[in-house]
Structure formats: C-alpha cells, structure tokens
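Please read the following report on one protein model alongside its sequence and structure.

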Amino acid sequence: MWSNVLMYFILHFISYMKAIIGAGIGGTSAAYYLRQKFGKDVKIDLFEREEVGGRLATMAVQGQDYEAGGSVIHPLNLHMKRFVKDLGLSTVEASGGLLGVYNGETLVFEESNWFIINMIKLVWRYGFQSLRMHMWVEDVLDKFMRIYRYQSHDYAFSSVEKLLHSLGGNDFLGMLNRTLLETLQKAGFSEKFLNEMISPVMRVNYGQSTDINAFVGAVSLSSAESGLWAVEGGNKLVCSGLLQASKSNLIPGSVMYIEEKTRTKRTGNPTKMYEVVYQAASETHSDFYDIVLVATPLNRKMSNITFLNFDPPVEEFHQYYQHIVTTLVKGELNTSIFSTRPINKFGLTTVLTTDSSDLFINSIGIVAPVRGKDNPVPSTDGTNVWKIFSQETLTKAQILKLFLSYDYAVKKAWLAYPHYKPPEKCPSIILHDRLYYLNGIECAASAMEMSAIAAHNAALLAYHRWNGHTDMIDQDGLYEKLKTEL
Ligand SMILES: Cc1cc2nc3c(=O)[nH]c(=O)nc-3n(C[C@H](O)[C@H](O)[C@H](O)COP(=O)(O)OP(=O)(O)OC[C@H]3O[C@@H](n4cnc5c(N)ncnc54)[C@H](O)[C@@H]3O)c2cc1C
Ligand SMILES: *[C@@H]1O[C@H](CO)[C@@H](O)[C@H](O)[C@H]1NC(C)=O
Ligand SMILES: *[C@@H]1O[C@H](CO)[C@@H](O)[C@H](O)[C@H]1NC(C)=O
Ligand SMILES: *[C@@H]1O[C@H](CO)[C@@H](O)[C@H](O)[C@H]1NC(C)=O
C-alpha cells in the first residue's frame, strides 16, 4: 500500500520533469516559454557544458568586452525585443560608421557622411537596383512577421517546412531550394551589383557566397537596414536573464546519451521516459524526463549526443557548419592596403570584401565595446579595436600585413552557422514522441531571432501534443483566419 503511494508520488513527480540541452539563446528562451505554458510546478533542467550564451559571447581587449559571436539584432526581431524589455535590459545602437567595399584592387564602393551622396553614388553605379533590393527584402520580412501573430495565438508547427509554408506558401518554401544568386539573377539584378553589393554582405554575415539559399540571403540583407541594435553589456545577458526568469535549474555538464526507457507503474500502463546521461566534473550522472528539448546543433563535431534504444531510431544529422574565426585587434590599420588616400582621409569604419578580392579576410571593421553607447568613429590617435572575420586563423604575418602596428590581438574560432547548400533539407522538429529539436530551423537561416522563434514553437508544440490539442498544430490558412481576429 505505502509503496504504491510512494510509487505514485515518484511517477507523478517524474512525469513533470522537462530537460533542455544547451543554454544558448535557443535553450534559455525555450525554458522561458516552457515555464509560460506548463506553469510554475514543473521542474525544468537546463544542461550546459560550456558557458551560458553559447554563440552569444564576448571577448575582452584591454579591459573592455566586445561581441565575439552573434552581435546585431534587427529592429523587427520582436522576440529579442520583448526579452530585453521583460528582463529590464538596455539596448545600444549597433549600426553606424562608414562602409566601403574592396575588390582586391580598389574600393569599388565608399559610403559618405551625406545620405544624398550615398544615394547618388548608388544610383550612378548600380541604377535603381539597391532600392529594388530593399523592396524585395521588405516583402520577405513582411511575410516573415506573420509568425508573431501565429505564436501570440499559440499556434505551433511540426516542421520547419510547415512553419515557412504558413508564412508565405510555396514561394516562401521554395526559397530554400534556390540559391540567392539564381533568385536575384532571375529578378534582373546585374552581375556588378551582385558582386559588389550582395556578395560582400553574405561574406560578412555568413562567411559564404551568394550560393546560400535565398531565404538566409534575405535575412542577411535585412542587416543592411538601419536601426540595428545590441544589448548593452553583451547579448548573452539575455540568456542569463531568461534562465533566471524561467526559474529553471542550470546543470553544468555535457550530455552524452539520451535513452528511451520504459518504466512500469504497478497499477497503470508502462510509461516511456527519456534518460539523459551526462558528464559533470568527470563523473557520469543521469536523470529521467518526460519531455526533452535539444537546443544545440546535432552533429558529432558539435553536440555529439547519441540516441540509444529509440524505436524507431532517431535520425542522424550531418549538417556541416561553417568554420569562422573572429579576431579582435587593437592597432593602427594600414589603410593603404585599401586606398591610396592619406591615412587621415580614409574615414571608413568597415571594409567588406568581394568574393574575388582574394584577401585572407572576409571583413574588417571598428567595433565599440558592449558598454559603449556611441557609434564607432575612428579615434584620433589612429588606434582602434577592429573586428576581423576570416575563414582561417590569422597568422602573425597576416595581422602585420593589415596593421601598421598593433598592441593586442585575441581570437575565437566558431562552427558558426550551417554551410548553406540549396536545396536544403531541414531536420525534423519532432525527433521522437516527446523529444524535440530546435536547431533544425538554422537550415532556413541562423540568427538569434530564429532560435527564439524555434524555442517558442517547440514549447507550444510540446504543450499541445502533451494535452492532445491537435487543432493548434499545423493549421492551414492561419493568415486569413487570424486577419479578422483582433
Ligand atoms: C561569429 C558569429 C556571428 C553571428 N552574428 C549574428 C548576428 O549578428 N545576428 C544574429 O542574429 N545572429 C548571429 N549569429 C548567429 C547566432 O549567434 C546563432 O544563430 C544563435 O546564437 C544560436 O543560438 P542557439 O541557442 O540556437 O545555439 P548555441 O548558441 O550554439 O547554443 C547551444 C549550446 O549548447 C551547448 N551544448 C552543446 N552540446 C552540448 C551537450 N552535449 N551537453 C550540454 N551542452 C551542450 C553549447 O555549449 C552551447 O552553449 C552569429 C554567429 C556567429 C558564430
Ligand atoms: C524543394 O525541393 C525538393 C527536392 O529537393 C522538393 O521535394 C520540394 O517539393 C521543393 N519545394 C518547393 C516548394 O519547391
Ligand atoms: C563523441 O562522443 C563519443 C562518446 O560518446 C566519443 O567516443 C567521441 O570521441 C566523441 N566525438 C567527438 C568528435 O568529440
Ligand atoms: C602598408 O601597406 C602597403 C600596401 O600593401 C605596403 O606597401 C606598405 O609597405 C605597408 N606599410 C607598412 C608600414 O607596413
């Protein structure tokens, strides 16, 4: 009798445990949304083997911190905006300064302080293509914004494809099947415009060419708009803030296995549980959960999680992630690499490069510390902190080639985002009955907001499936349906 009661309590307790693997923006926002949906009594464990924040991280240069990973946020990234507001954080403006594009020989484009001059230069060089480009991006963004309405009405999707389809139908979904290059060529943009304006933006944002899929291409181009922002003190503060606000339990450890196990109640039916086996301080531990959310890219090089005894087996993903190195250098740029103008007349704060530039960097730009409120401006003594993105780790000789002199250099190597190669096949969101995967959304585009959207979706999906609310999942015609509702 007593053992029955005890068993009941144990199972009752166990059956309210949720696990999230990874404490980046995806995992911590998932904790936040799971708490919203499942209420205050469920126990949420969040596993993290390195730092809270994941690909949101800072690096220090002489006592000041700078963003090393995800750095800028679009003004219409509403989940990120909401988090910052709810957590009482502050924002800083992230755009500003003057930009140039280097093609290996010369600066093919240079921004000026005068908006009207920039417009004239653009029109002179590329006709009205930049305006048309802006309209193309706006159109994609407009459709993309529908997700906020769906999610605020609690609707969830069981796959990335269904989510995208609900936003803009087959046209939208088809963007994953085509390269940005072929999409823009078909739309009549010139080779010159694609090489000199579009490729450099893909190189700085995704370390890749215009052969990436058209959807991530549009996301990337939206970063060329004004109003970009970042979190004061570092974007990773959103992750630690969400972790705290969600009242979940951070477990510092590396998850090695997830195993499906059947536990039999004496009186009831056998229940399937997930056993999460993890290593912490070189000891192996494990715990049982009814719902597990994986919020880190699933591949051997990154999360290296093995799924044991699943029926049917959990599919394996081998998505290749792009290797990118962030280097911060405090020094004086040798501007004559880019321009014949005297150093004090250089004026640019960011130099992007074309695919043909044949340089060992993708981009270089002055950055402001995460605490600074000001836009980057060239300093008077000539030394600034520059952020460089490159495919490979820079050698000392390469740094010396870029700088007349430098005091300090730090680097961080990332497996940064998927290597895009359309047609993309997105990983499943539902890996098993109550096992969900967030990072499949990166196949469409990798960005902080995308991870937050995936987290909200996974929390809603887990909740509706748990409660049998099938009418809240994969609904057709949501846009029309919700248009008339207030
Ligand atoms: C250099 C760079 C620049 C970028 N710039 C921008 C930008 O300007 N704007 C933007 O929106 N996005 C940008 N991004 C993309 C953005 O940073 C990512 O899309 C986003 O941070 C991904 O968050 P996530 O939580 O999904 O994954 P992650 O941040 O990778 O989090 C996964 C976490 O899981 C942990 N983990 C992995 N395996 C295990 C395990 N087995 N056990 C326990 N823990 C585990 C990892 O340590 C990690 O902390 C950039 C990315 C990089 C690298
Ligand atoms: C995208 O391509 C896949 C094959 O790779 C095909 O099955 C799918 O129907 C295509 N989707 C669209 C919307 O074009
Ligand atoms: C992945 O984990 C297994 C053990 O679980 C280990 O043997 C292997 O070396 C790991 N692979 C990588 C690339 O870290
Ligand atoms: C700066 O770069 C130019 C062009 O690459 C080179 O000729 C010059 O020697 C460099 N100056 C210094 C001081 O390294």
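Lys247 is found in the loop between α11 (236-245) and β9 (249-252), where helices (H or I, at least four residues) and strands (E, at least two) are DSSP runs numbered from the N terminus. Its phi is near 50 degrees, a positive value in a residue other than glycine. At 66% relative accessibility, Lys247 counts as exposed, the terms being buried for under 20% relative accessible area, exposed for over 50% and partly exposed in between, with a 1.4 Å probe and protein chains only.

This is a predicted model, in which local features need pLDDT of at least 70 and side-chain atom pairs count only at pLDDT 80 or more, while totals for chains, interfaces and linings use all residues. Residues are numbered from 1 along each chain as its sequence is written, chains are lettered from A and ligands numbered from 1 in the order in which they are written, and side-chain values use heavy atoms, with hydrogens and water left out.

Helix α11 also holds Ser240, which is partly exposed, with a relative accessible area of 32%. From Ser240 to Thr395 the C-alpha to C-alpha distance is 34 Å, and the two are 155 residues apart in sequence.

Another cis peptide bond joins Pro422 and Pro423, with omega about 0 degrees, and Pro423 is placed in the loop between β19 and β20 (430-432).

Strand β3 (residues 58-61) has Met59 and Val61 on its covered face, and Thr58 and Ala60 on its uncovered one. It runs antiparallel to strand β4 (residues 64-67), to which 4 bridges join it; two strands pair if DSSP finds at least two bridges between them. Val61 has Gln64 of β4 as its bridge partner, and Gln62, in the hairpin with 2 residues between the strands, takes a positive phi near 45 degrees.

Which residues come closest to ligand 1? Among the 37 residues that surround the ligand, these are Gly26, Glu48, Arg55, Val72 and Ser451, a residue being near if one of its heavy atoms lies within 4 Å.

| Residue (backbone N or O atom) | Atom of ligand 1 | Distance |
|---|---|---|
| Ile25 | oxygen | 3.1 Å |
| Arg55 | oxygen | 2.8 Å |
| Ser303 | nitrogen | 3.1 Å |

The protein covers 93% of the 1,000 Å² of accessible area that ligand 1 has on its own, as given by the Shrake-Rupley method with a 1.4 Å probe. Two or more residues of the shell come from each of α2 (25-38), β2 (43-48), β10 (254-264), β19 (403-418) and α13 (448-467), and β19 gives the largest share, 3 residues. The shell divides into 16 nonpolar, 16 polar and 5 charged residues. Ligand 1 lies between domain 1 (13-54 + 235-319 + 424-481) and domain 2 (61-75 + 93-149 + 170-227 + 320-418), because both give residues to its shell; the domain bounds come from an automatic or database domain assignment.

Conventions. A polar contact is a pair of N or O atoms within 3.5 Å; within protein, one must be able to donate a hydrogen and the other to accept it, and residues adjacent in sequence count only if both atoms are side-chain atoms. Ala, Val, Leu, Ile, Met, Phe, Trp, Tyr, Cys and Pro count as nonpolar, Asp, Glu, Lys and Arg as charged, and the others, Gly among them, as polar.
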